[in-house]
Amino acid sequence: MKRVRLGAGAGYAGDRIEPAVEIAAHGDVQYLMFECLAERTIALAQQARRGDPAKGYDPLLDARMRAVLPVARANGVRILSNMGAANPVAAAEEVVRIARALGLCGLKVVAVEGDDVLHLLDPAGTRLEETGASLQELGTRVISANAYLGAGPMIEALAAGADVVITGRVADPSLFVAPLVHEFGWSLDDWTHLGRATAVGHLLECAGQITGGYFADPGRRDVPGLERLGFPIAEVAEDGTAVITKVAGSGGRIDRATCTEQLLYEVFDPAGYVTPDVVADFSDITFTQDGPDRVLVAGANGRPRPAALKVSVGYADGYFGEGQISYAGPGAVARGRLALDIVAGRLRLTGLVAEELRFDLIGVDALHGAAAAEGRADPAEVRVRVIGRTATAAAAKRIGDEVETLYTNGPAGGGGVMKSCREIIGVGSTYLPRSRVRATLRHFEA
């Protein structure tokens, strides 16, 4: 039975690079996928592109491609990635420049466009699912609107001989669905196989999470070799069953527990996981240990894909202002609480207008609240944090400034001040009929 080997090269924008190189060199894979877009990342990328039309793609694209292209080219590994973010064409052009600099002549690179749909949305009639606000109400605060494309355009790019496919916003599992459909010749309405391919993609899309990186909990769930964690590989059969594994000798672990945790990650309804390609059904999936660091995945299914595509809308939502300072030694908690009281009083006295404010003692009540801290012994050190959301950068900056003044105007022994002010990018969701979204391909060659 024919098998296709897929590797996960990244699970988010800032992920490690070495595990991807290891897979390309020693994983015996045909395809390597870099999943690098979170929900908010593309809005940030759109901001960057507004400042410089040549930017807007993943900042690590250059470093990743310089590291992985030579070994991928030598071993016949094809690459798919959403590192194009808000500017897949510029990203593809950069890959071509890198390939030429590395002497990789003839490398075919395809950029997938069409996910940027802001111009297709009716401002008055388009409302965000989360808040009910219309785009018209948000006005000039709207930064971006990107539809989640499916595997179709990437399949077309692979059929055209692409060695590297660079996309913008696509559904995470679709990066993995595309090469499987291309290799096995499945129909795009073969819901069972698309459901199984989506299950494989979902298991691999977060890279090191399934090999133990997010799983580790010392003494309860020990994971060896996390400093050189191996990223996952899927050996996929033509019937859609797959074995999840990793490069022999790399760190981490793959077993039924790590696979089960990843399967449930970010899944609201396991029987109805909606993607642009299929509504996948994970409810009958089984995991069978198939040897050390090998798990057989079977039982996924699927139903017809939705008529509409999800659109992620990014918009400016004010500013975060933050300040932190540490206290240590006897009475650290009491001094920390006094520091918080002082800053709260100062912000009231100076008339700060904030939509939200938090006053935390990290190590005491920052995560679970004051009630969880009752009756516990005081820690030897605490970190004061004050953070707020404001309408303007000037107001946000004042929060950190007030924390900084605790150096000489607050409790004894404060040190290690950190302050920041940054813009908030809000993210909301809406939907667009898929018939209105047209993906296009741009072809390049080194």
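Predicted model: local features only at pLDDT ≥ 70, side-chain atom pairs only at ≥ 80, totals over all residues.
Which residues in H6 meet which residues in H7?

**View 1. Helices H6 and H7 pack against each other.**
Helix H6 covers residues 152-159, and helix H7 covers residues 174-184. From H6, the residues in the contact are Met154, Ile155, Leu158 and Ala159. They meet Ser174, Leu175, Ala178, Pro179, Val181 and His182 in H7. The crossing of H6 past H7 is right-handed.

**View 2. Helix H7 is largely enclosed by the rest of the structure.**
Nine of the eleven residues of H7 are buried, so the rest of the structure largely encloses this helix. The buried residues are Ser174, Leu175, Phe176, Val177, Ala178, Pro179, Leu180, Val181 and Phe184. What do the buried residues of H7 pack against? Their partners include two helices, H6 and H8. They also pack against strand S1 (3-10), strand S2 (31-34), strand S3 (78-81) and strand S7 (232-237). Just after H7 comes Gly185, which has a positive phi of about 70°.

**View 3. Helix H8 is mostly covered.**
Helix H8 runs over residues 191-204. At 1.5 Å a residue, its 14 residues should span 20 Å. Twelve of the 14 residues of H8 are buried. The buried residues are Trp191, His193, Leu194, Gly195, Ala197, Thr198, Ala199, Val200, Gly201, His202, Leu203 and Leu204.

**View 4. Three strands form an open sheet.**
The order of the strands is S9-S10-S13, and their pairing is antiparallel. Strand S9 (273-274) and strand S13 (301-303) stand at the edges of the sheet. Each of these two has a single partner strand, so one side of each is left without a neighbour in the sheet. Strand S10 (residues 279-281) is joined to S13 by three bridges. Val279 has Arg303 in S13 as its bridge partner. Helix H8 packs on the sheet and touches S9, S10 and S13. The direction of H8 makes about 120° with that of S13.

Note on methods:
Residues numbered from 1 in each chain as written. Heavy atoms only, no water. Helix = DSSP H or I, 4+ residues; strand = E, 2+ residues; numbered from the N terminus. Expected span 1.5 Å × (residues − 1). Buried < 20%, exposed > 50% of the residue type's maximum accessible area, 1.4 Å probe, protein only. Pairing = 2+ DSSP bridges. Contact = heavy atoms within 4.5 Å. Axes fitted to C-alpha atoms, helices over the stretch in contact; angles between N-to-C directions. Left-handed = near helix turned anticlockwise from the far one by under 90°.
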